[in-house]
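Please find below a colleague's note on the structure shown here.

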Amino acid sequence: MNSLLTSAALSVFCCTAAMAQDSDPEADAANQAIIDAYMAAYSAADFHAMEEYMSEDVVFTDPTAVGMGETGLLHHSREEIMAALREFDARFNPIALNFEWDTAYESNDRYVFMGSVNATYPVEQDGMVFRWSAPQTTVIHLRDGLVVEQYDFVDYEGAAQEIVPAD
C-alpha cells in the first residue's frame, strides 16, 4: 500500500514538474508586470489606473464584507466595479490602501497575496491621518493579460482603527 501511495505521489509530482517546465518565461514576466502594476494601483487607491487592467466582464467579490448581506460585496462587470470604487473614493477620500504583502505567489494564473491593508484617510488634524488596518488576502485571476476575477478576504471585524501621524 505504501509503495502504491508513493508511486501516486511521485506521478503527481512529475506531472506537476513537467507542466511547470512548459511555462513561457516571456509570458510569465508580462503577466507578472501586469499584476505588479494592478496591485500597485490598488495599493495607491488609484482606481482609474486599475481599470485598464480589468476585463469588461471582470468579477469582484468580497464575501467577508460586513453589512452587505450573505454574499458580501459582489460586482459583475468593470463598469459596476468602477462605479463602486468611485462611490467609495467620493465617500471616504482614501489617501492610499497601503497593502503590505507578507506572502505572494502564483498558481494556475491565480496570483495570491496575503498580508494586510493599512488604509489611510485624511482628517482635519494637521499632520495626522486616520489609519484602518486589517489582515487581508487578495486573489487575482488573470486571463489574456486582464484581470477576470478578484477575490478579497478581509478581517473587517478585527480591524485596528486609529489617528496616527502622516508619513
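Which side chain does that of Glu162 meet in a salt bridge?

1. The model is predicted. In it, the side chain of Glu162 meets that of Arg131 in a salt bridge, with an N to O distance of 2.7 Å. Glu162 belongs to strand S7 and Arg131 to strand S5, so the pair ties together parts that are 31 residues apart in sequence. Glu162 is partly exposed, at 36% relative accessible area, and Arg131 is also partly exposed, at 28%.

2. The structure holds 2 salt bridges. Besides the pair already described, Glu56 and Arg78 meet through their side chains at 3.9 Å, N to O. This pair links distant parts of the chain: Glu56 is in strand S1 (residues 54-62) and Arg78 in helix H4, 22 residues apart. Glu56 counts as exposed because its relative accessible area is 63%, where exposed means over 50%. Arg78, with a value of 23%, is partly exposed.

3. Asp24, Glu26, Asp28, Glu106 and Asp109 form a negative patch. One of its members, Asp109, lies in the loop between strand S3 (100-107) and strand S4 (110-122). Asp109 has a relative accessible area of 35% and is therefore partly exposed.

4. Turning to the aromatic residues, a search of the whole structure finds 8 aromatic pairs. One of them joins Phe47 and Phe88 edge-to-face, with 6.2 Å centre to centre and 70° between the planes. The two residues come from distant parts of the chain, Phe47 from helix H3 (residues 47-51) and Phe88 from helix H4 (residues 78-92), 41 residues apart. Phe47 is buried, with 7% relative accessibility, whereas Phe88 is partly exposed at 26%.

5. Trp132 and Tyr156 form a tilted aromatic pair, 5.8 Å centre to centre and with 45° between the planes. This pair, too, links distant parts of the chain: Trp132 is in strand S5 (residues 128-143), while Tyr156 is in the loop between strand S6 (146-154) and strand S7 (160-165), 24 residues apart. Is Trp132 buried or exposed? At a relative accessible area of 17%, Trp132 is buried, because the limit for that class is under 20%. Tyr156 has a relative accessibility of 25% and counts as partly exposed.

6. Finally, an aromatic cluster should be noted. Ring pairs link Tyr42, Phe99, Trp101 and Phe113 into this cluster.

Technical notes. Residues numbered from 1 in each chain as written. Predicted model: local features only at pLDDT ≥ 70, side-chain atom pairs only at ≥ 80, totals over all residues. Heavy atoms only, no water. Patch = residues over 30% accessible without salt bridge, like charges linked within 9 Å, V, L, I, M, F, W, Y side chains within 5 Å. Areas by Shrake-Rupley, 256 points an atom, 1.4 Å probe, with all protein chains shown as cover. Salt bridge = Lys/Arg side-chain N within 4 Å of Asp/Glu carboxyl O. Lys, Arg positive; Asp, Glu negative; His and termini not counted. Charge placed at Lys NZ, Arg CZ, Asp CG, Glu CD. Helix = DSSP H or I, 4+ residues; strand = E, 2+ residues; numbered from the N terminus. Buried < 20%, exposed > 50% of the residue type's maximum accessible area, 1.4 Å probe, protein only. Phe/Tyr/Trp six-rings, centres within 6.5 Å; stacked < 30°, edge-to-face > 60°.
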